[in-house]
Amino acid sequence: MTEILRQAAELLLQLLLSPFNQGFWDFILKFIPYVVFFELPIYLLIFVGNVRYVLRRYWKVPQWRPYRPLVSCLITCYGEGRDVECTIRSLTEQIYPGTIEIIAIVDGATQNSDTLDAAMAMRTMVNARKNRHLTVLPKWQRGGRVSALNAGLNIAGGSVIMALDGDTSFDNTMVASAVRHFIDPNVVGVAGCLRVRNASRNLVTRLQAIEYMLSIHASKVGLSEFNIVNNISGAFGVFRAAFVRAIGGWDSGTAEDLDLTLRIKNYFGRHPHLRIRFEPEAMGHTDVPDTFRGFLNQRLRWDGDLFYLYVRKHYLSFNPQLLGWRNLIMQLWTGMFFQLVMPFMILSYTFYVMIFYPPAWVLAVWALVYLFYLGVTLVFYFLFIVFLSERPGPDLKLAVFLPLVPIFTFITRIWCGVATLNEWLLKSHLDSSMAPWWVLRKTKY
């Protein structure tokens with residue numbers, strides 16, 4: 001084993017010391033997995049988008065206009081208990097001078113009496129504040145998240161709707177930062193930014209915190225500059241109420257956030273002026289799984305839902321007349337290919353090189369791949385720290401865990417393949433915690 005490691009180190013050192021040597025590029029083209037070359041253009045696009053955002057932010061003179069629409073915050077509650085008090089309080093204490101209507105929908109209120117009681121107890125405090133009003137809507141029989149959102153939409157009076165999780169809290173500038181985009185009549189949705197609230201818990205939560213910083217915050221900043229935001233998060237999405245009502249509200253099934261995003265984008269081809277924005281200053285804080293098993297179970301559902309939506313439910317959406325060419329290419333590339341095809345390419349390549357090439361070469365190859373992804377991680381991390389982070393101090397403390405990020409990402413990509421197979425063979429979306437089985441079984445997909 002020691003000899004293998006020595007040979008691998010010598011080969012890697014030889015390659016790194018002669019990057020312009022023909023042998024180096026022969027090695028790269030022959031042995032480095034081609035998924036690297038598929039990903040590189042996306043990284044460059046996101047990088048350019050971030051640079052464009054920074055230049056626009058620091059050199060363009062902002063033009064502020066008074067715009068204070070009634071905002072309806074739909075909080076979907078199920079089993080949060082007293083945690084929902086934090087969510088309601090953070091919305092009550094927003095600096096937004098307009099009216100905020102808080103609607104807490106308690107799904108399955110019969111078995112979630114503690115959550116219902118916690119929400120009801122907040123009414124006196126909220127309603128005593130100027131321009132704040134709390135309505136608690138109990139749904140006695142559980143119908144799932146989609147059912148709760150549509151119930152809230154039916155009684156919401158705001159022209160701007162926020163779909164929020166009951167265990168997510170928000171910075172007090174969130175509403176003002178998100179709502180200002182709707183001055184533009186072409187904006188139909190705004191994706192809010194999320195941070196990991198329990199990041200300091202352990203290694204698993206810290207790695208997810210870095211993932212959220214790079215894959216949600218930095219990536220969506222870049223994508224938003226080209227109007228190709230891939231998803232409006234279910235935990236924190238903001239919409240023009242009239243548009244959501246015009247397309248029928250939220251649809252039954254699971255992964256309602258990506259489902260609604262795709263249904264909105266189905267109008268982009270015919271109405272190319274429509275926009276979905278990402279607002280990095282509209283900040284929410286959510287808890288993530290604090291065990292590796294819990295994390296894998298969460299991603300089993302998330303990644304399986306991608307196959308369900310792309311292949312089973314929205315396969316007809318992959319049409320330039322619906323999505324427009326720009327979003328069609330991005331959905332095929334970063335959605336269909338990255339999520340559904342690439343995990344199997346990575347897995348196949350891994351087994352191939354391990355079987356047919358000497359161990360020293362395999363180690364050298366994977367060391368180069370690791371260094372590439374570590375380099376990408378470092379570039380985006382420090383870009384994020386310098387130009388995007390509103391909390392650079394706490395974020396810098398996570399830098400020590402950056403060397404683990406490529407390994408963590410590799411595991412999640414392989415697990416994405418497992419989730420895809422699980423959905424393909426077993427239709428795992430019909431066994432989701434997002435809705436009871438009698439609701440999911442009624443979906444025709």
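Predicted model: local features only at pLDDT ≥ 70, side-chain atom pairs only at ≥ 80, totals over all residues.
Biologist: How many helices and strands does the protein have?

Modeller: Helices (H or I, at least four residues) and strands (E, at least two) are DSSP runs, numbered from the N terminus. By this definition the protein has 17 helices and 8 strands.

Biologist: What is the radius of gyration of the protein?

Modeller: The radius is taken over C-alpha atoms, and the globule rule is 2.2 Å times the number of residues to the power 0.38. For 445 residues that rule gives 22 Å, and the protein is close to this value, so it is as compact as a globular protein of that length; its radius of gyration is 23 Å.

Biologist: What percentage of the 445 residues is buried?

Modeller: Buried means under 20% relative accessible area, exposed over 50%, and partly exposed in between, with a 1.4 Å probe and protein chains only. Under these cut-offs, the buried share of the 445 residues is 54%.

Biologist: With which residue does Glu 39 form a salt bridge?

Modeller: A salt bridge is a side-chain nitrogen of Lys or Arg within 4 Å of a carboxyl oxygen of Asp or Glu. Glu 39 is buried, at a relative accessible area of 0%. The closest N and O atoms of the pair are 2.2 Å apart, and the partner of Glu 39 is Arg 413. The pair links distant parts of the chain, 374 residues apart, with Glu 39 in helix 3 (residues 35–59) and its partner in helix 16 (residues 405–426), namely Arg 413.

Biologist: Is Arg 56, which forms a salt bridge with Glu 225, buried, partly exposed or exposed?

Modeller: The closest N and O atoms of this pair are 2.4 Å apart. Glu 225 is buried, with a relative accessible area of 11%. Arg 56 has a relative accessible area of 39%, and therefore counts as partly exposed.

Biologist: Which residues does Asn 150 contact, leaving aside its neighbours within four places in sequence?

Modeller: Asn 150 is found in helix 7 (residues 145–155). Contact means heavy atoms within 4.5 Å. With those neighbours set aside, Asn 150 is in contact with Gly 249 and Trp 250.

Conventions:
Residues numbered from 1 in each chain as written. Heavy atoms only, no water.
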